[in-house]
Amino acid sequence: MGMEKEGKRSALIYLVSTIFARAVPFLLMPILTNFLSLEQYGYIGLYLVLCSFGTTYVGLRPDVYLMREYTHRADEFNTVRAAMFLLVFFSAIVFLPIGFFASIWFLPAEISAGLMISLVTVVSVLGACLRIIKTEFQIEGRPILYALMEISAVVIHSVLAVVFVLLVDQTWTSKVYAEISGVLVALGIGFILCRRKLFVFDSATVVRELSAGFRYLWPLTFFVGCFSVLKISDRVVISEFLGAEELGLYTVAYMYGMILGVVHEALERAWNPYFFRTYSLEGGRKRIYRSQISYFIFSALLYVVFIFIAPKVFVFMVDEKYASGADFIPVLALAYTFEGCRKVLCGYLYVSAKTGLLSVITVFAAVVNVLLNINLIPVYGLNGAAYSAAVGFFLMFSMTAMASWLHLRSR
């Protein structure tokens with residue numbers, strides 16, 4: 001009973017801190033949309049596209065690996081953590097030149113590819129290091145420290161974004177420099193809190209741990225990379241066929257539609273540790289199953305409430321030139337409802353080391369999504385992009401559900 005009470009307390013802290021961290025940027029939208037043009041928001045959309053790949057391949061997203069290893073061998077965790085920091089460093093060296101040549105092809109001529117990819121790499125490195133420390137707070141059951149880092153990053157980012165945009169430069173770079181500043185502050189807090197553990201590890205085995213971590217995480221990069229394609233291919237096609245201003249409009253609407261994704265992300269912070277702790281316990285799988293059914297019902301009700309309220313609030317939050325984006329919010333919110341439900345099913349594939357199957361599912365959904373974007377956006381405009389996103393996320397959810405069901409049947 002005490003463990004369940006503690007789990008609910010942690011879930012509440014994760015939920016409140018994550019919603020707060022994601023809500024502050026939304027509350028700043030009236031200011032930023034008033035001073036940043038549609039074109040500049042379009043460039044922010046392109047920056048977010050590159051960040052999707054940067055955060056995938058810099059550090060290889062070590063969250064799940066750290067949780068898995070801590071469960072099995074907490075006494076060696078310091079060395080595992082050190083290996084993950086090394087992985088961030090080496091993967092950044094590889095990503096930077098590849099990202100630069102890709103961005104030359106990808107970005108419009110008026111944006112400096114060197115500046116863009118340098119900023120993306122810096123944000124990706126800092127974000128990966130921050131993720132390592134936040135993950136440790138998760139698995140150690142220290143949600144307040146997690147919340148401290150989460151909130152400090154977003155508050156500094158948001159305050160400086162307003163200052164930079166109003167007083168320095170009304171361009172996409174002002175927002176990015178503010179983001180870097182916020183992550184640096186949060187990372188500094190994390191290093192101070194963990195300073196007694198970060199540099200205590202077995203240097204003789206750290207290379208072995210680096211190799212083991214790479215072997216586990218590398219297949220997942222196909223999953224995360226294709227997932228990034230699924231999330232951002234619409235903006236690439238919009239930029240190509242409709243231009244930067246339409247991309248800016250869609251980017252703002254997409255950010256608002258992701259609010260449901262923020263709620264699911266917050267709950268996932270508590271769900272993953274709970275899943276790994278409970279799965280191997282007697283009767284644990286039945287408890288997990290009941291929790292998942294409750295979660296799906298909650299998600300459906302939340303979606304109905306959201307689409308009734310959100311479009312009405314949106315038009316009051318943004319400058320009038322962005323108001324037509326409210327039309328896309330219900331479909332984008334549906335996409336992130338499917339994604340939130342998918343996340344609570346993935347644990348079955350993680351514990352059985354079927355990360356390759358996750359990659360296959362995501363590759364298929366991403367290919368379908370890209371084909372839909374290419375065919376629908378030129379004809380139906382931004383509506384085509386929103387419906388393509390919903391179909392892609394639904395495919396991922398339904399295929400993951402089937403794979404999880406087959407896993408349970410085999411036990």
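Visitor: Are Lys134 and Glu150 buried or exposed?

Guide: Lys134 is buried, and Glu150 is buried too, where buried means under 20% relative accessible area, exposed means over 50%, and partly exposed lies in between (1.4 Å probe, protein chains only). Please keep in mind that this is a predicted model, in which local features need pLDDT of at least 70 and side-chain atom pairs count only at pLDDT 80 or more, while totals for chains, interfaces and linings use all residues. Residues are numbered from 1 along each chain as its sequence is written, and side-chain values use heavy atoms, with hydrogens and water left out.

Visitor: What do Lys134 and Glu150 form, and how far apart are the closest N and O atoms?

Guide: They form a salt bridge, with the closest N and O atoms 2.6 Å apart; the term stands for a side-chain nitrogen of Lys or Arg within 4 Å of a carboxyl oxygen of Asp or Glu. This pair links distant parts of the chain, since Lys134 lies in helix H6 and Glu150 in helix H7 (residues 143-168), 16 residues apart. Helices here are DSSP runs of H or I with at least four residues, numbered from the N terminus.

Visitor: How many salt bridges does the count come to?

Guide: The count comes to six. Among them is the one between the side chains of Glu136 and Arg81, at 2.7 Å from N to O. Glu136 belongs to helix H6 (residues 113-139) and Arg81 to helix H5 (residues 77-106), so that the pair, 55 residues apart, links distant parts of the chain. Glu136 and Arg81 are both buried. Arg235 and Asp234 also form a salt bridge, with their closest N and O atoms 3.3 Å apart, and both of these residues are buried as well.

Visitor: Switching to packing, where is Phe393 and what does it touch?

Guide: Phe393 sits in helix H16 (residues 382-409) and is buried, with a relative accessible area of 0%. Leaving out residues up to four places away in sequence, Phe393 touches Phe227, Leu230, Lys231, Tyr254, Ala335, Tyr336, Phe338 and Glu339, a contact being heavy atoms within 4.5 Å.

Visitor: And what about Asn369, which helix is it in?

Guide: Asn369 is found in helix H15 (residues 355-380), and it counts as buried because its relative accessible area is 1%. With residues up to four places away in sequence again not counted, Asn369 touches Val229, Leu230, Ser233, Ser388 and Ala389.

Methods. Helices (H or I, at least four residues) and strands (E, at least two) are DSSP runs, numbered from the N terminus.
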